[in-house]
Amino acid sequence: MRPVKEQKRILRKLTGFRMTWKSPLVIAGLSVSQTWPMSRETTRSRGKPKIKETIRIRLNDYNDEDICRVMLGATYNDMAVAPSLEEDQRRAIKIREEKTLQSYTEKLGEHPFTVTIYNNISNNFCALGEFDQAKPYSEHALKIRRKLLNDHMDTAKSLFDLGMVHKEKGDFSRQLLTFNKA
């Protein structure tokens, strides 16, 4: 993955613009941690259009590069945050499954970013009370995190999330086993 500085250099080369914070093209160089909070603004009226503009820029201008496909997936995940906060879990799931997960699995494979999306989808299903749907996503996230990270706080998070699925399904013995592993 290219550092932000390199992304900005590519953007400058492709567009001829020197990016400033006022330029709409600066959005395409933002990291996930910079765009995600936009979807959490109190009114969200400023965040949603910025995320949509970021997607438009990335779709139109940087279609073929792997880094741009990954960043596009990240931006789609940013887009899914707003419906999650607005209790529109189905829309968030649809965006994450069809846009983010597709991009991440294609370009990154088994990667911590991909696992985060599996966890997010599981949490969306849990918010709907659909624990049978949430369970495979939690299990898959845990499997990959164990493989990649072994004993790590993110692996513990996946164990906790899976334990919560067991709890909500009423499988308290499996919940206890999972929590003890976390």
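Which helix among the elements of the protein has the lowest mean pLDDT, and which the highest?

**Figure 1. Confidence across the predicted model.** The structure shown is a predicted model. Among its elements, helix α2 (residues 32–35) has the lowest mean pLDDT, 42, whereas helix α7 (residues 131–149) has the highest, 95. Residues 14–43 have a pLDDT below 50, and this stretch makes 59 contacts in the model beyond near neighbours in sequence. Where pLDDT is low, the predicted coordinates should not be read in detail. Over the protein, pLDDT averages 78, and 71% of the residues score at least 70.

**Figure 2. Packing of helices α5 and α6.** The two helices, α5 (residues 89–107) and α6 (112–127), pack at an angle of about 165°, with their axes 10 Å apart. Helices α5 and α6 are therefore roughly antiparallel to each other. The crossing of α5 past α6 is left-handed. On the α5 side, the contact is made by Gln89, Arg90, Ala92, Ile93, Arg96, Glu97, Thr100, Leu101, Tyr104 and Thr105. Helix α6 contributes Phe113, Thr114, Ile117, Tyr118, Asn120, Ile121, Asn124, Phe125 and Ala127. By class, the residues of this contact divide into 10 nonpolar, 6 polar and 3 charged.

**Figure 3. The salt bridge between arginine 90 and glutamate 130.** The closest N and O atoms of arginine 90 and glutamate 130 are 2.1 Å apart. This pair joins distant parts of the chain, with its two residues 40 residues apart. Arginine 90 lies in helix α5, and glutamate 130 in the loop between α6 and α7. Arginine 90 also belongs to the residues of α5 that contact α6. The count of salt bridges comes to 8.

**Figure 4. Packing of helices α7 and α8.** Helix α7 packs with helix α8 (residues 153–168) at an angle of about 160°, their axes being 9 Å apart. Because of this angle, α7 is roughly antiparallel to α8. The crossing of α7 past α8 is left-handed. From α7, the contact involves Phe131, Ala134, Lys135, Ser138, Glu139, Ala141, Leu142, Arg145, Arg146 and Leu149. Its partners in α8 are Asp154, Thr155, Lys157, Ser158, Leu159, Asp161, Leu162, Val165, His166 and Glu168. The contact of α7 with α8 comprises 8 nonpolar, 4 polar and 8 charged residues.

**Figure 5. Packing of helices α8 and α9.** The axes of α8 and helix α9 (residues 172–181) come within 8 Å and cross at roughly 170°. Given that angle, α8 is therefore roughly antiparallel to α9. Their crossing is left-handed. The contact is formed by Leu159, Phe160, Leu162, Gly163, Met164, His166 and Lys167 of α8, together with Phe172, Arg174, Gln175, Thr178, Phe179 and Lys181 of α9. Among the α8 residues, Leu159, Leu162 and His166 take part in the contact with α9 and also in that with α7. In the contact of α8 with α9, 6 residues are nonpolar, 4 polar and 3 charged.

How values were computed: Residues numbered from 1 in each chain as written. Predicted model: local features only at pLDDT ≥ 70, side-chain atom pairs only at ≥ 80, totals over all residues. Heavy atoms only, no water. pLDDT = per-residue confidence, 0-100. Helix = DSSP H or I, 4+ residues; strand = E, 2+ residues; numbered from the N terminus. Contact = heavy atoms within 4.5 Å. Axes fitted to C-alpha atoms, helices over the stretch in contact; angles between N-to-C directions. Parallel < 35°, antiparallel > 145°, perpendicular 65-115°, else oblique. Left-handed = near helix turned anticlockwise from the far one by under 90°. Nonpolar A, V, L, I, M, F, W, Y, C, P; charged D, E, K, R; others polar. Salt bridge = Lys/Arg side-chain N within 4 Å of Asp/Glu carboxyl O.
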